[in-house]
Amino acid sequence: MTEYLPQILLALSIQTMGVLSPGPSVALILGVATSRGRLPSLVTAFGVACGSIVLSTATVLGIAVIFAQVAELMTVVRWVGAGYLFWLAWKAFRKAANPSELKPISAGKQSVLGTGLAGFFLQVSNPKAIFFWLAIASVGGVGDAPLPVVLLFIFGAFLNSFAGHGAYALLLSSRPVRRLYEHGQRWIEGALGCFFLFAGFKLATSKV
């Protein structure tokens with residue numbers, strides 16, 4: 001275990017930098033937290049963390065490096081991710097055009113499963129998250145480690161992601177933030193729409 005500890009700590013430190021730097025996943029949590037409340041935003045954060053399980057497993061298996069080296073595969077990932085970001089932009093612009101009254105204790109109409117899957121699918125197609133995991137793969141993974149060490153690494157990645165994104169969910173669903181959202185819902189949703197639109201455009205036109 002001690003032999004692989006430096007690699008695990010380095011990988012998780014890189015992941016932490018990715019979690020702490022706001023991106024599409026945090027923007028999604030912001031939208032859910034301010035419009036639907038704390039529980040749905042935590043479920044979204046859980047979905048994002050489950051997406052980190054997929055990305056960390058891909059890193060262990062070397063799939064992330066393979067994707068980076070095969071242009072066709074990366075093109076598919078880019079277009080799927082861009083399409084999802086454009087869909088999120090459309091939803092945000094629709095909310096901006098037709099702002100609705102907030103119900104503080106409402107969990108929203110979307111099911112728990114649907115809420116979690118939204119976070120999951122965004123994370124596994126999130127260009128920022130993918131690039132951070134490619135950086136982790138480039139500094140060495142734990143693919144040659146015993147199975148218990150590999151499982152510990154993947155579980156650590158899940159906990160790291162859920163702790164960071166869960167903290168965002170708790171903060172952004174707080175009363176002051178929700179009160180701010182109530183007064184500026186149209187502008188906030190418009191800004192989120194612009195962010196998702198810009199991120200989708202950048203991803204669709206980027207050359208990886």
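A crossing of two helices is right-handed if the near helix is turned clockwise from the far one by less than a right angle, and left-handed if anticlockwise. That term is needed at two stops of this tour, which is made through a predicted model.

**First stop: H3 and H6**

Select residues 38–61, helix H3, together with H6. Their axes come within 7 Å and cross at roughly 40°. Angles under 35 degrees count as roughly parallel and 65 to 115 as roughly perpendicular; H3 and H6 are therefore oblique to each other. The crossing of this pair is right-handed.

**Second stop: H2 and H6**

Keep H6, residues 112–124, and select H2, residues 24–36. The two axes come within 9 Å, and the crossing angle is roughly 160°. Because angles over 145 degrees count as roughly antiparallel, H2 and H6 are roughly antiparallel to each other. This crossing, too, is right-handed. On the H2 side the contact is made by Pro24, Ser25, Leu28 and Arg36; on the H6 side, by Thr115, Ala118, Gly119, Leu122 and Gln123. By class, the contact comprises four nonpolar, four polar and one charged residues.

How far apart are its end C-alpha atoms? They lie 18 Å apart, which agrees with the 18 Å that 13 residues should span at 1.5 Å a residue. Colour the helix by relative accessibility: 12 of its 13 residues are buried, so H2 is mostly covered under the limit of 20%. Among the buried residues are Val26, Ala27, Ile29, Gly31, Val32, Ala33 and Thr34. Just after H2, centre on Gly37, where phi is positive at about 115°.

**Last stop: from Thr34 to Leu180**

Return to Thr34 and draw a C-alpha to C-alpha distance to Leu180: the value is 8.7 Å, although 146 residues separate the two in sequence. Leu180 is found in helix H9, residues 175–205.

Note on methods: Residues are numbered from 1 along each chain as its sequence is written. This is a predicted model: local features need pLDDT of at least 70, side-chain atom pairs count only at pLDDT 80 or more; totals for chains, interfaces and linings use all residues. Side-chain values use heavy atoms; hydrogens and water are left out. Axes are lines fitted to C-alpha atoms, for helices over the stretch in contact, and angles run from 0 to 180 degrees between N-to-C directions. Helices (H or I, at least four residues) and strands (E, at least two) are DSSP runs, numbered from the N terminus. Contact means heavy atoms within 4.5 Å. Ala, Val, Leu, Ile, Met, Phe, Trp, Tyr, Cys and Pro count as nonpolar, Asp, Glu, Lys and Arg as charged, and the others, Gly among them, as polar. The expected span of a helix is 1.5 Å times one less than its number of residues. Buried means under 20% relative accessible area, exposed over 50%, partly exposed in between (1.4 Å probe, protein chains only).
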